[in-house]
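Trainee: Could you walk me through this one? I have the sequence and the model open.
Mentor: Fine, ask away.
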Amino acid sequence: MDMKVAKKKLGLKDKYKLMTRDLGWEPSYHSKDELYPYMNYEGIKIHDWDKWEDPFRLTMDAYWKYQAEKERKFYAIIDAHAQNNGHLNLTDARYLSALKIFLQAISPGEYAAHRGFARVGREFPGVGPQVACQMQAIDEIRHAQTQIHAMSNYNRYYNGFHAFADQRDRIWYTSVARSFFDDSMSAGPFEFMIAIGFSFEYVLTNLLFVPFMSGAAYNGDMATVTFGFSAQSDEARHMTLGLEVIKFILEQDPDNLPIVQNWIDKWFWRGFRVLGLVSTMMDYMLPKRVMSWREAWDIYGVENGGALFKDLARYGIKPPKGWDDAEKAIDHMSHQFMLGLYQWSFGTSFHSWIPSDADMDWLAGKYPDTFDKHYRPRWKHIKKLAAAGTPFKNYGLARLCQTCQLPSVFTEPDDPTLTCHRETVYKGEKYQFCSDGCQHIFENEPEKYIQAWLPMPQLFQDPIKGDLGEWMKWVSLLDGKDNGDYAGSEDQKNFEAWRGLATTNQ
Amino acid sequence: MTVAAIKEYLAVPRDRVENFHGKQLVYVSWDHHLLFASPFLLCLPPETPFRELVNGPLGMLLQPDPDAAAIDWQHVEWLKSGQPWTPDFDASLAANGIGHKDQLRFRTPGLNSLMAA
């Protein structure tokens with residue numbers, strides 16, 4: 001008879017050591033430089049990779065166990081949402097525009113982050129960051145997948161969800177996010193970590209996810225709320241990794257400081273431009289609003305960001321260069337964006353609309369210094385045009401910024417009545433920008449940004465050659481269904497009819 | 001350094017004029033008239049007379065603005081690359097020195113129906 005022998009259990013510390021640090025080895029057939037060829041060209045100096053601390057002490061076996069549990073819970077709720085017609089519990093189908101933008105522009109960014117972390121996990125020589133990057137790479141692909149699954153139920157009933165991958169690649173308003181991630185993925189491993197690990201995951205992520213997830217909860221979108229809960233503990237780990245990375249780099253060598261500061265300046269500004277989309281979701285697209293973009297900025301930007309940079313000051317880090325220009329833009333950007341989205345709505349795979357009088361009063365209350373003075377007169381005129389049967393469509397395509405790739409909807413930091421014009425000449429070719437921040441980024445690495453794929457100039461090149469109908473096919477946009485004003489759209493009619501069936505006896 | 005790279009790195013600009021099938025891009029913007037969310041992107045042959053740019057695509061695009069009918073084209077103030085500039089309405093874009101991806105701006109002092117003063 002076999003005797004049962006109690007298996008020896010490893011203590012947490014030993015287990016962490018064996019399952020992470022001990023997985024590495026000293027190469028003997030090849031030099032370290034051959035194995036890790038991208039460690040030096042960015043100018044960052046690392047002397048001791050063992051100084052890397054993993055605050056979570058998470059090993060891969062435990063990681064799989066936690067993630068599997070989260071997946072089971074997530075899909076159970078998603079199934080229940082689909083079976084119980086969860087899509088009819090929304091406050092209003094206008095809410096779906098925010099989701100469509102998120103699916104087309106941001107979810108593919110999760111996938112891009114997955115690829116980026118998988119790459120830098122291979123490129124860093126230290127075992128600590130290798131394991132941390134491996135986990136984050138798997139998290140990010142899980143987030144892309146679960147977001148797509150959470151939103152797929154809406155695709156059965158509503159327009160604008162069906163071709164998010166084509167629209168990520170080809171339509172115009174997504175290229176701000178796409179180019180953001182492409183820029184980071186084509187940078188070196190250290191810059192990628194500062195760009196995504198620190199600037200995006202640590203500094204800006206709250207401004208992206210908190211309003212989005214709270215917005216989902218406020219507007220009855222159980223599917224997206226469930227995704228949010230499922231991702232929350234991952235995000236906490238990502239934020240910790242982002243902060244660990246920057247401290248590690250700065251503590252390794254004083255020469256690293258100016259390089260890191262330059263990246264913080266750059267990636268703050270790039271991220272801030274991506275957030276322009278979010279500002280519009282918060283102020284205009286959520287039928288039941290959580291807070292204004294200004295209020296979110298005050299909490300997550302000014303308070304939290306301010307505290308962070310105070311903390312980093314002991315390393316010599318200063319707040320990002322574009323911080324003051326950002327502050328000046330906060331009370332304008334959501335309005336400037338929504339006015340643009342409305343007048344170009346023939347080319348968007350989501351709906352926009354003229355805000356109601358009640359919505360305009362809300363905006364005037366939240367933006368007492370800017371809305372009535374600058375933006376209400378424009379909306380009133382647009383409303384008049386719509387009432388006269390000549391709704392405002394701006395078929396003059398937009399000038400895009402060479403760096404952030406957004407239409408240049410932004411005004412001078414100190415003059416909200418004048419579009420911001422910036423240009424530069426590089427090797428005989430002219431380039432236009434939306435801001436000083438974007439111009440500086442270009443001038444720092446022009447050879448990178450002259451290759452920018454700008455969707456609007458692209459429309460006049462092969463294969464479209466300026467044909468708007470062909471362009472719609474090419475970006476998988478169904479004219480009259482996916483695009484245009486929410487008023488009179490299929491989404492509006494269907495939502496009202498189906499909800500009517502559920503809530504009345506008609 | 002013009003890009004951080006492991007070796008010499010030279011790129012090709014994506015929006016070279018050769019890609020536009022004999023046309024070029026011109027950006028035009030009406031100062032202090034922000035009903036139009038961004039400067040207009042026009043794609044025209046360089047032989048286009050300036051007058052045709054103004055009376056054709058630009059004039060049509062400006063219609064939704066309440067000030068459009070009141071523009072006196074003889075007296076608008078023009079800027080090219082941010083510098084005061086006087087176009088020759090009868091000459092072509094090329095003869096006017098308007099290059100690929102140039103930004104033109106014009107000002108109409110006194111006309112600002114939708115702007116708070």
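Trainee: How many helices and strands does chain A have?
Mentor: Chain A has 20 helices and 5 strands. Keep in mind that this is a predicted model.

Trainee: Ok. What is the radius of gyration of chain A, and what would a compact globule have?
Mentor: Chain A has 24 Å. A compact globule of 506 residues would have a value near 23 Å, so the two agree. Along its principal axes, the C-alpha trace of chain A spans about 85 × 70 × 45 Å.

Trainee: And how many of its residues count as buried?
Mentor: In chain A, 47% of the 506 residues do. As for contacts in chain A with a separation of 6 or more, 78% come from residues 24 or more positions apart.

Trainee: Which way do β4 and β5 of chain A pair, parallel or antiparallel?
Mentor: Antiparallel, over 5 bridges. Strand β4(A) covers residues 422-426 and β5(A) covers residues 429-433. Tyr426(A) has Glu429(A) in β5(A) as its bridge partner.

Trainee: What about the turn, which residue there has a positive phi?
Mentor: Lys427(A), with a phi near 50 degrees. The hairpin has 2 residues between the strands.

Trainee: Switching to chain B. What is its mean pLDDT?
Mentor: The mean for chain B is 95, and 97% of its residues reach 70 or more. For the complex, the predictor gives an ipTM of 0.97 and a pTM of 0.95.

Trainee: In what order do the elements of chain B run?
Mentor: From the N terminus, β-β-α-β-β-β. That comes to 1 helix and 5 strands.

Trainee: What is the radius of gyration of chain B, next to that of a compact globule?
Mentor: Chain B has 17 Å, but a compact globule of 117 residues would have a value near 13 Å. The C-alpha trace of chain B spans about 55 × 35 × 25 Å along its principal axes. Buried residues make up 28% of chain B.

Trainee: Back to strands. Which strands form the open sheet?
Mentor: There are 6, in the order β1(A)-β2(B)-β1(B)-β5(B)-β3(B)-β4(B), with mixed pairing.

Trainee: Why do β1 of chain A and β4 of chain B each have a side without a neighbour in the sheet?
Mentor: They stand at the edges, each with a single partner strand, so one side of each is left without a neighbour. Helix α1(B), residues 50-62, packs on the sheet and touches β1 and β2 of chain B. The direction of α1(B) makes about 145 degrees with that of β2(B).

Trainee: How do β1(A) and β2(B) pair? Parallel or antiparallel?
Mentor: Antiparallel, over 2 bridges. Leu397(A) stands opposite Leu41(B) in β2(B).

Trainee: And β1 and β5 of chain B, parallel or antiparallel?
Mentor: Parallel, over 5 bridges. Tyr27(B) has Gln103(B) in β5(B) as its bridge partner.

Trainee: Last topic. How many residues does each chain bring to the contact?
Mentor: Chain A brings 46 residues and chain B brings 43.

Trainee: Which element gives the largest share on the side of chain A?
Mentor: That is α15(A), with 6 residues. Other elements that each supply at least two residues there include α13, β3 and α18 of chain A.

Trainee: How many residues on that side of chain A are nonpolar, polar and charged?
Mentor: The side of chain A that touches chain B has 19 nonpolar, 16 polar and 11 charged residues.

Technical notes:
Residues are numbered from 1 along each chain as its sequence is written. Chains are lettered from A and ligands numbered from 1 in the order in which they are written. This is a predicted model: local features need pLDDT of at least 70, side-chain atom pairs count only at pLDDT 80 or more; totals for chains, interfaces and linings use all residues. pLDDT is the predictor's confidence in each residue, from 0 to 100. Two strands pair if DSSP finds at least two bridges between them. Helices (H or I, at least four residues) and strands (E, at least two) are DSSP runs, numbered from the N terminus. The radius of gyration is taken over C-alpha atoms; the globule rule is 2.2 Å times the number of residues to the power 0.38. A residue is buried if 20 or more other C-beta atoms lie within 10 Å of its own, exposed if 12 or fewer, and partly exposed in between; C-beta atoms are placed from the backbone. Two residues are in contact if their C-beta atoms, placed from the backbone, lie within 7 Å. Axes are lines fitted to C-alpha atoms, for helices over the stretch in contact, and angles run from 0 to 180 degrees between N-to-C directions. Ala, Val, Leu, Ile, Met, Phe, Trp, Tyr, Cys and Pro count as nonpolar, Asp, Glu, Lys and Arg as charged, and the others, Gly among them, as polar.
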